[in-house]
Amino acid sequence: MSDTPTTEQLTAWVTRFAELVREHRDELTALDSAIGDADHGSNMDRGMTAVVAAVTEAPPADPAALLKKTGATLVSKVGGASGPLYGTLFLRMAGAVEEGFAPALRAGFEGVLARGKAEPGDKTMVDALGPACDVLDAGGSLAEAAQAAADGRDATVPLVARKGRASYLGERSAGHADPGATSTAYLLQAAAETLS
Amino acid sequence: MKKLINDPADVVADALRGMAAAHPRLRVDHENRVVFRGDAPVQGKVGLVSGGGAGHEPMHGGFVGPGMLDAACAGEVFTSPVPYQMVAATQGVDGGAGVLHIVKNYTGDVMNFEMAAELVAAESGTEVVTVVVDDDVAVQDSLYTAGRRGVGTTVLLEKIVGAAAAEGRPLAAVADLARRIDDSGRSMGMALTSCTVPAAGKPTFDLPEGEMEIGIGIHGEPGRRRVPIAPAREVAAMLVEPILADHAFTDGVICFVNGLGGTPLIELYVVYAEVAAILEESGIGIARSLVGPYMTSLEMAGCSVTLLQADDELLRLWDAPVDTPGLRWGA
């Protein structure tokens, strides 16, 4: 998708992401309790609920303002590592959204890499977000990008975590999908459903 | 869950109201959940800001006052505070000499403090330097983990660096001292029981009767191994030996036996006696000691041992007056 999304489309995207997070809150928390501190579902639900409230109460004027509002709200409401990581993703997207969705997502991804210092294969959200960006950059559709993110999430199952609290578990972190990669797969699913 | 609380959602806010009521010389910003020393900002002095998830009291809010921290941000229980809290704390303690952020090495804390420093840089001329404390020898320090966790050395660092800032040292010197202390301090902890985060309502992990976790983190992160409970002298050895294996300590250390919240002082002294005996056998004299619950993990039963290699300068700063709810002498 190379067109610049409209404010309405992006609002629909974050709203759908909030719904998916709400629907899968217990799944995200269960994944996080296996290898982390059992708060990813509730933290992301709290953050995305606040995002939807914020953009509904005072609808932002343009795509950049919508993304900035989303990022700032996540930073202030989520806490832990997910707040800065998802917050940075949306804040960096705001700076590049005029060029289109794919360049914006790439900019957001680079922000996540810089903030979290994770590399592909560390068992983090990078493993879902990176493949999705690659598909979009190669001219693929949002549906294909969402599939790449879901495949990336599935590929985190056998990995040993090298970042975040899960890394303290060492070998014991293998055998579970990464919660951050899982929520990122829902982010791309929401994009495919609302921006295509 | 049996706890002395009102609503689990209000625990942190209610505790901050209690701190404000009990310690009128502190100023509590309830909206941003920041504890300030009452006279902040102190003109010409480097401001010291720390913070982290709640549940470790007296750390960090209880270490705010003359001779130690200027401000501390409280997150939800065991959850990092968010950048806007740290920005409010930083701006509130800037007396013109810059601000030091003291951050324990947890992924969330490090990222949120990093964003706060970027926001401060973008919004004001305040100079911020960050020091990350990572002293937990239970964690392998490698590219394959988030690095060592920040534990007991944090308390000793905040005291000593607080004294250095009170002497009027510049920001670069205060930060160098903080890094030197982090390099010379090592800790290792153990748990006899789990703890219950109020919002979760059930124990963070399951630790069967008769077992203990060696190398536990202060949020219940897994340790090195789970073993049958043993006499205090064996537990002390399990904690001290990895510390001595990790760093070449010599005569003259600060020895800190910390309670995790659910262990009484009498047991901490039992442990201290064993730790002191091991150090004596190893030819490591104890120059100063600290025994008590200073960095807790809610009601977890257990303890941690921290050794900090001291010298005359560090000991003089350690002995300098401090006047906070959690640590107070000479004042």
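In H7(A), Asp127(A), Ala128(A), Leu129(A), Gly130(A), Pro131(A), Ala132(A), Val135(A) and Leu136(A) meet Glu144(A), Ala145(A), Ala148(A), Ala149(A), Asp151(A), Gly152(A), Arg153(A) and Ala155(A) of H8(A). Residues are in contact if their C-beta atoms, placed from the backbone, lie within 7 Å. By class, this contact of H7(A) with H8(A) has 10 nonpolar, two polar and four charged residues. Nonpolar means Ala, Val, Leu, Ile, Met, Phe, Trp, Tyr, Cys and Pro; charged means Asp, Glu, Lys and Arg; the others, Gly among them, are polar.

The model is predicted: local features need pLDDT of at least 70, side-chain atom pairs count only at pLDDT 80 or more, and totals for chains, interfaces and linings use all residues. Residues are numbered from 1 along each chain as its sequence is written, while chains are lettered from A and ligands numbered from 1 in the order in which they are written.

**Helix pairs in chain A**

Two packed helices are described by the angle between their axes and the distance between the axes. Axes are lines fitted to C-alpha atoms, for helices over the stretch in contact, and angles run from 0 to 180 degrees between N-to-C directions. Helices (H or I, at least four residues) and strands (E, at least two) are DSSP runs, numbered from the N terminus.

| Helix pair | Residues | Angle | Axis distance |
|---|---|---|---|
| H7(A) and H8(A) | 126–137 and 142–155 | roughly 150° | within 7 Å |
| H2(A) and H9(A) | 25–35 and 179–195 | about 160° | 9 Å |

The angle of roughly 150° makes H7(A) roughly antiparallel to H8(A). Angles over 145 degrees count as roughly antiparallel, under 35 as roughly parallel, 65 to 115 as roughly perpendicular and the rest as oblique. H7(A) passes H8(A) in a right-handed crossing. A crossing is right-handed if the near helix is turned clockwise from the far one by less than a right angle, and left-handed if anticlockwise.

For the other pair, the angle is about 160°. That makes H2(A) roughly antiparallel to H9(A). The crossing of H2(A) and H9(A) is right-handed. Leu28(A), Leu31(A) and Asp32(A) of H2(A) meet Pro179(A), Thr182(A) and Ser183(A) of H9(A). Three nonpolar, two polar and one charged residues make up that contact.

Chain A has nine helices and zero strands. Its radius of gyration is 15 Å, close to the 16 Å that the globule rule gives for 196 residues, so chain A is as compact as a globular protein of that length. The radius is taken over C-alpha atoms, and the rule is 2.2 Å times the number of residues to the power 0.38. The C-alpha trace of chain A spans about 45 × 35 × 25 Å along its principal axes.

Chain B has eight helices and 14 strands. Its C-alpha atoms fill a box of roughly 55 × 50 × 40 Å along the principal axes.

**Domains of chain B**

Chain B holds domain 1 (10–184) and domain 2 (185–319). These bounds come from an automatic or database domain assignment. The domain centres, taken over C-alpha atoms, are 22 Å apart. In the contact, 26 residues of domain 1 meet 32 residues of domain 2. Helix H4 (153–166) and helix H5 (171–184) of chain B each give two or more residues to the domain 1 side. H4(B) gives the most, with eight residues.

**Between the chains**

The contact takes 17 residues from chain A and 21 residues from chain B. On the chain A side, helix H4 (63–77) and helix H5 (82–96) each supply at least two residues. That side has five nonpolar, six polar and six charged residues.

Methods. Two residues are in contact if their C-beta atoms, placed from the backbone, lie within 7 Å.
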